[in-house]
Amino acid sequence: MTRDVPPPVQRPEQDPEPTGTVGTTGPGPLVVLGLVGLFVGWAVRGVAIRHGSPTPMISWLAVGVTWFLVAVTAATAYLTWRTVQRDRALLSPQQGLTRLVLGKTMDRLAALALGGYLGAAVSVLGVDGESADRMILRALFGAVGAALGLAAGLALEHACRVPPADR
């Protein structure tokens, strides 16, 4: 056993800044979330029937909230695009990150909701009754809103990209 002390670790004057990029969302996670939503939306009615519960319905409030979120995300995407791409102004890092996270969250939730609405509509196909017709109508309005939300989320992600310096 020696009493030699190991030499101190030499550190550079400054640690290099971490580099990396956050890319836009690809189709893979969105398809998987859409399929999960489709299965859950379809299965909820069968589980409720097996347990003797009333079959769940989609309310106009849920559809309205979907459309409201689409409007907010689309407006944010347009304003971000106008600021970054057209006016060539820079967002603060906090604003850019917040808008990117909003876009990523919106497109993932919209994919899940799109599948859920379509699954709910499929679960009542062939069922007679006025409530089934109302359910299909509400589910289709919700699915259209969710599809637009998916597009708005992806548009917001793309609007957050910083243009090349030579443009």
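**R88 and its loop**

I started with R88, which sits in the loop between α2 and α3 (93-123). Helices here are DSSP runs of H or I with at least four residues, numbered from the N terminus. R88 is not a glycine, yet I found a positive phi of about 60° for it. I also looked up its accessibility: R88 is partly exposed, at a relative accessible area of 39%. The scale I used calls a residue buried under 20% relative accessible area, exposed over 50% and partly exposed in between, with a 1.4 Å probe and protein chains only.

A note to myself on the source: this is a predicted model, where local features need pLDDT of at least 70 and side-chain atom pairs count only at pLDDT 80 or more, while totals for chains, interfaces and linings use all residues. Residues are numbered from 1 along each chain as its sequence is written, and side-chain values use heavy atoms, with hydrogens and water left out.

**W60**

Next I went to W60, which lies in helix α2 (residues 60-86). W60 counts as partly exposed, at 42% relative accessibility. Leaving aside residues up to four places away in sequence, I see W60 touching L137, R138 and F141; contact means heavy atoms within 4.5 Å. I checked A139 too: W60 and A139 are 79 residues apart in sequence, and their C-alpha atoms are 9.4 Å apart in space.

**α2 against α4**

How do α2 and helix α4 (residues 130-159) pack? I get an angle of about 20° between them, with the axes 8 Å apart. The axes are lines fitted to C-alpha atoms, for helices over the stretch in contact, and angles run from 0 to 180 degrees between N-to-C directions. Angles under 35 degrees count as roughly parallel, and α2 and α4 are therefore roughly parallel to each other. Their contact residues divide into 17 nonpolar, ten polar and one charged.

**Aromatic pairs**

Last, I looked for rings of Phe, Tyr and Trp (its six-membered ring) with centres within 6.5 Å, where planes under 30 degrees apart count as stacked, over 60 as edge-to-face and the rest as tilted. By this rule I count three aromatic pairs. For F39 and W42, the ring centres are 6.0 Å apart and the planes at 45°, so I logged the pair as tilted. F39 and W42 both lie in helix α1 (residues 27-50), three residues apart, or about one turn of the helix. F39 counts as exposed at 54% relative accessibility, whereas W42 is partly exposed at 47%.

How values were computed:
Helices (H or I, at least four residues) and strands (E, at least two) are DSSP runs, numbered from the N terminus. Angles under 35 degrees count as roughly parallel, over 145 as roughly antiparallel, 65 to 115 as roughly perpendicular and the rest as oblique. Ala, Val, Leu, Ile, Met, Phe, Trp, Tyr, Cys and Pro count as nonpolar, Asp, Glu, Lys and Arg as charged, and the others, Gly among them, as polar.
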